[in-house]
Structure formats: C-alpha cells, structure tokens
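Below are some notes for a colleague who is going through this model.

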Amino acid sequence: MSVENITRESTLAQTQREYILAVRTMSEEFERLHGYKPRCMARTYGCQQNENDTERIKGMLAAMGYDFVEDPESAELIIFNTCAIREHSERKILGHLGAVLPYRRAKPDMKIVLCGCMTGQPHIAELIRKSYKYVDMAFSPGALYRLPQNLYKLLSGQKYVFDFEGGAENISEGMPVLREGKTKAWVSIMSGCNNFCTYCIVPYVRGRERSRIPEAVLEEVRELVKSGYREITLLGQNVNSYCKDLQLGYDFADLLRDINSIEGDFRVKFMTSHPKDATRKLFDVIAECDKIGRHVHLPFQSGSDAILQKMNRKYTCEQYMQIIDYAKSKIPGVSFSSDVIVGFPGETEEDFEKTLQLVRRVEFSSLFMFIYSPRRGTPAAEMPDQVPHEVSVDRFNRLAQLQNSISLRRNERLIGQTVTVLTDKPDGGSLYGGKTADDIRVRFDSHGTHIPEGQSVQVKIERAANWAVFGQTV
Ligand code: SF4
C-alpha cells in the first residue's frame with residue numbers, strides 16, 4: 001500500500017470519527033429527554049465475515065452512544081446485516097424485514113437499516129428503494145465504514161440514506177469494534193475476492209481483494225492477546241492471496257509466522273483458503289509454528305475436473321490432492337475440512353462419483369455441503385443443464401452419509417486419548433464444550449467444576465459421534 005493510500009485511509013477514518021462525536025451528542029440529548037440511551041437491535045445473517053462486520057457496526061454504535069437489545073420492539077434502531085450467498089437466505093431476510101413493520105408503525109421514530117452482501121446487489125438495492133419504503137437506510141459492505149456519517153444524515157432529518165458506493169476500496173483502520181466473545185476474536189485481514197468462481201456472488205458484492213497492511217493486522221492481534229484473547233481467527237474470502245494486491249514481497253505465510261512470534265498463550269485459525277493459492281511455503285510455516293492450528297479449511301467444491309473448470313476454480317483434482325499430500329507429509333496430524341457443491345450445472349453421475357472418491361481419499365474431518373443454488377448475475381445461473389432438484393438432493397444425501405461415516409471413524413480413533421481443549425462459553429447444559437487445535441468439537445464433563453470460556457483443559461475421550469467426541473476432564 002502506498003503512503004498516499006495510507007494517508008487517505010486515515011483521513012477517511014478521521015472524518016468518520018468526527019461524525020461519531022456528532023451522533024454521540026444527539027444520543028446524549030436523546031438520553032436527557034427519555035432517561036435511557038438509544039437502543040439498537042442488530043441481527044446478523046451469514047458467515048463469520050458478516051459477524052465480524054456486525055462487531056464493527058456495534059463498535060461504532062457504542063461509540064455513538066447506543067445500547068444494544070435483542071427485541072425489536074424496544075429498539076430505536078434496527079439493523080439487518082444480510083447475506084446473499086443463497087436465494088433462500090434472501091427470502092428469509094425479506095420475511096424478517098416484513099415482520100418488524102408493525103413495530104415501526106407503533107414507533108414512527110424507529111429507524112430500519114439494511115446492510116451486508118444482499119444490499120451490494122443492484123436488483124436488491126432497487127427492490128428496497130421501491131417496495132420496502134420503511135427501510136430508512138441501506139448500504140453495501142464497502143460503505144460500512146461510513147455508518148457514522150450516514151447515521152448522522154438520517155438523524156438530522158434526511159428521509160432516506162442509500163449508500164452503495166465504495167465496493168473494494170475501503171478497509172478503514174482504527175474504527176472501534178465491539179467484540180461478542182471475550183476469549184475468541186475474529187480479525188479481518190482482507191476484503192473482497194478476485195477469483196470470480198462462476199457460482200459466487202462475492203466479487204460482485206464485496207468487490208476486489210484489498211488487504212490490510214501487515215503492521216495493522218499484527219498490531220490488532222498483539223492488542224487482542226494483551227487483552228486476554230486465546231483464539232484469533234484470521235478472516236478473508238481467500239486468505240492465501242493476502243497481500244498480493246499490496247506488492248510488498250510479503251504473503252500470508254509471512255503473516256502467520258509473524259503472528260506466531262507474538263508472545264502469549266494463544267492459538268491462530270484462519271479461513272477461507274483457495275487451493276490455487278495454497279503454497280508449499282504456507283504448510284512449511286504451519287509446520288514450524290506452534291500457535292497455528294493443525295487444521296485447514298480448503299474448499300475443493302467438486303471432485304470432477306470438468307466441473308471445476310466450469311466453476312472457474314483454476315486447479316485440478318490432482319493438484320488439489322498434491323497440496324493435501326504435501327501438507328500431510330509436513331504436518332503430522334493435520335486435518336482438513338472443505339466446502340463442496342452438489343448439483344452444479346452439468347454435473348453428471350460420473351462427476352458426482354469423482355466427488356465421492358475425493359472425499360474418501362482426503363478423509364475430511366468435516367464437510368460443508370451445499371446444493372447448488374443459482375445466484376442472479378453469476379455466469380453459472382445462465383448455464384445449460386441445470387440439475388433437477390431431486391437429483392441434487394439424492395446426491396447430497398449420499399455425500400452426507402459418506403462424510404458422516406468418515407467423521408465418525410476419525411473421531412473414534414480418539415477414544416482413549418487425552419486431548420487439549422480450548423473451552424467455549426458454558427451453555428448452561430450438563431456438559432462443557434470446546435475445540436482442539438485441529439478443530440475437533442469436544443463435549444466433556446468437568447465433575448462439577450465450573451470452567452469459564454477460554455481455558456485450556458485436558459479431556460480424556462470416551463466416546464465419539466460424527467459431529468463431536470465426548471469425555472471427562474483429567
Ligand atoms: S474464491 Fe470464494 S469468494 Fe472468491 S469467487 Fe470463489 S467462491 Fe466466491
């Protein structure tokens with residue numbers, strides 16, 4: 001990143017900080033009149049990137065004097081941070097949007113805001129403008145950092161605020177974040193994607209890849225570790241191409257190595273990786289770094305080269321297997337999870353069989369399986385030979401059955417072993433939960449001892465299911 005861009009970025013953030021102060025003054029006036037702070041209900045749909053964006057939204061709102069509530073009825077501000085990955089999720093969100101209309105009617109000063117990937121699509125932006133007139137503000141993911149300015153406009157009397165600018169450009173450093181977890185944190189290292197897989201909407205709604213400068217990421221991780229965070233998950237649509245846009249001669253493996261050298265007792269995870277950018281250097285670095293989890297989420301999407309080509313994934317199955325084999329040879333005990341799509345246009349039974357074969361060869365610890373769902377504006381939605389839904393469902397079920405048996409077999413191997421578990425927030429049930437460094441979900445009995453979130457505990461495994469292993473603290 002050039003000095004010019006860094007300066008521009010800090011100027012952008014400074015402008016927003018001034019709007020934060022202006023909205024804060026409005027919030028103080030609200031509190032003086034009503035005896036309580038203005039309240040926001042923020043609902044998040046979709047992936048961890050979106051969860052992380054909501055934390056940034058809440059951070060800015062907290063700085064602007066807002067409190068947070070769960071119920072829409074008592075809120076002065078309702079925010080839907082949306083997901084566009086599937087048509088089904090969009091329909092669900094529009095349904096939820098309709099459900100808050102009665103609250104809005106009962107409380108005319110309430111403001112309703114829509115943001116996230118859905119609003120990055122021109123046809124949705126148009127739909128909102130025309131048919132959801134009670135949505136007061138909508139902005140695309142690239143405009144997120146301008147929330148203070150846009151909220152100021154809205155609270156100052158502007159009837160509608162729509163901001164769909166700033167696709168790829170803007171990652172603003174130094175804006176506040178309100179984190180949900182006290183021991184596990186997400187750190188976004190880049191935004192956008194350059195790959196244009198033919199089924200995916202992300203490059204259209206989140207724009208091109210833009211990496212944060214390494215020092216900014218390292219500083220954020222240092223601060224988190226100092227504040228007691230025990231698990232840091234680095235986020236990006238394709239973390240393996242981190243820093244390519246900045247041309248610093250520095251890459252994702254370098255970032256992992258530098259994070260690993262930060263002092264403290266913590267573990268690092270990352271997602272999502274693209275196989276075409278997963279280098280040998282990446283696995284060499286994971287092998288030498290003790291704080292990097294021994295688990296890689298490496299989406300293969302299909303086991304058929306013909307389908308991979310139609311998906312524009314830019315690797316073959318053999319190349320994918322070479323990466324897996326190399327990682328296994330370098331990192332003892334490494335495990336993989338993956339995303340896979342069934343029923344992509346033109347997928348034959350033979351193509352699908354190849355997917356099953358690849359799943360058997362790799363032995364993933366878990367699979368995120370999706371039935372192909374056409375997204376308007378993507379090339380795959382226009383492709384001939386769309387697979388009938390019932391055929392896709394049948395393939396999905398067969399794949400799920402295979403993966404369940406693999407997950408169970410892998411988990412059964414742990415019976416009798418003692419594993420280190422980083423604990424989750426207790427859910428009030430009779431068992432505690434957490435994950436191992438290679439991402440295995442563990443449920444355990446602590447013999448009545450209360451174990452808070454973020455502790456490392458030793459658990460002896462006694463039984464296994466396909467989704468978790470179970471045991472007792474030792
Ligand atoms: S690499 Fe991932 S985010 Fe990027 S276009 Fe492909 S599927 Fe979408």
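Helices and strands here are DSSP runs, numbered from the N terminus, a helix having at least four residues and a strand at least two. With that numbering, the loop between β17 (441–445) and β18 (456–464) is the place of H447. The model is predicted.

1. Helix α8 covers residues 214–226, which makes 13 residues. From its first C-alpha to its last the helix reaches 18 Å, close to the 18 Å expected at 1.5 Å a residue. After α8 comes G228, with a positive phi near 100°.

2. Which residues of α8 are buried? They are P214, A216, V217, L218, E220, V221, L224 and V225. The cover over the buried residues of α8 includes β7 (184–188), β10 (231–235) and α9 (252–260).

3. Helices α12 (residues 317–330) and α13 cross at roughly 10°, and their axes come within 11 Å. Angles under 35 degrees count as roughly parallel, so α12 is roughly parallel to α13. On the α12 side the contact involves C317, E318, Y320, M321, I324 and K328, which meet L358, R361 and V362 in α13. By class, this contact has 6 nonpolar residues, 3 charged and no polar ones.

4. Helix α13 (residues 349–362) also packs with helix α14 (residues 389–412), at an angle of about 10° and with the axes 10 Å apart. That angle makes α13 roughly parallel to α14. The crossing of α13 and α14 is right-handed. From α13, the residues E349, F352, E353, T355, L356, V359 and R360 meet R395, R398, L399, L402, Q403 and I406 of α14. The residues of the contact of α13 with α14 divide into 6 nonpolar, 2 polar and 5 charged.

5. The next points concern the backbone. Most residues other than glycine have a negative phi, and most peptide bonds are trans. The peptide bond from M271 to T272 is cis, with omega near 5°. T272 is in the loop between β11 (267–271) and α10 (280–288).

6. D385 is not a glycine, yet its phi is positive, near 60°. This residue lies in the loop between β14 (366–371) and α14. Is D385 buried or exposed? D385 counts as exposed because its relative accessibility is 55%, the cut-off being over 50%.

7. H447, likewise not a glycine, has a positive phi of about 55°. With 53% relative accessibility, H447 counts as exposed.

Note on methods
Residues numbered from 1 in each chain as written. Predicted model: local features only at pLDDT ≥ 70, side-chain atom pairs only at ≥ 80, totals over all residues. Heavy atoms only, no water. Expected span 1.5 Å × (residues − 1). Buried < 20%, exposed > 50% of the residue type's maximum accessible area, 1.4 Å probe, protein only. Contact = heavy atoms within 4.5 Å. Axes fitted to C-alpha atoms, helices over the stretch in contact; angles between N-to-C directions. Parallel < 35°, antiparallel > 145°, perpendicular 65-115°, else oblique. Left-handed = near helix turned anticlockwise from the far one by under 90°. Nonpolar A, V, L, I, M, F, W, Y, C, P; charged D, E, K, R; others polar.
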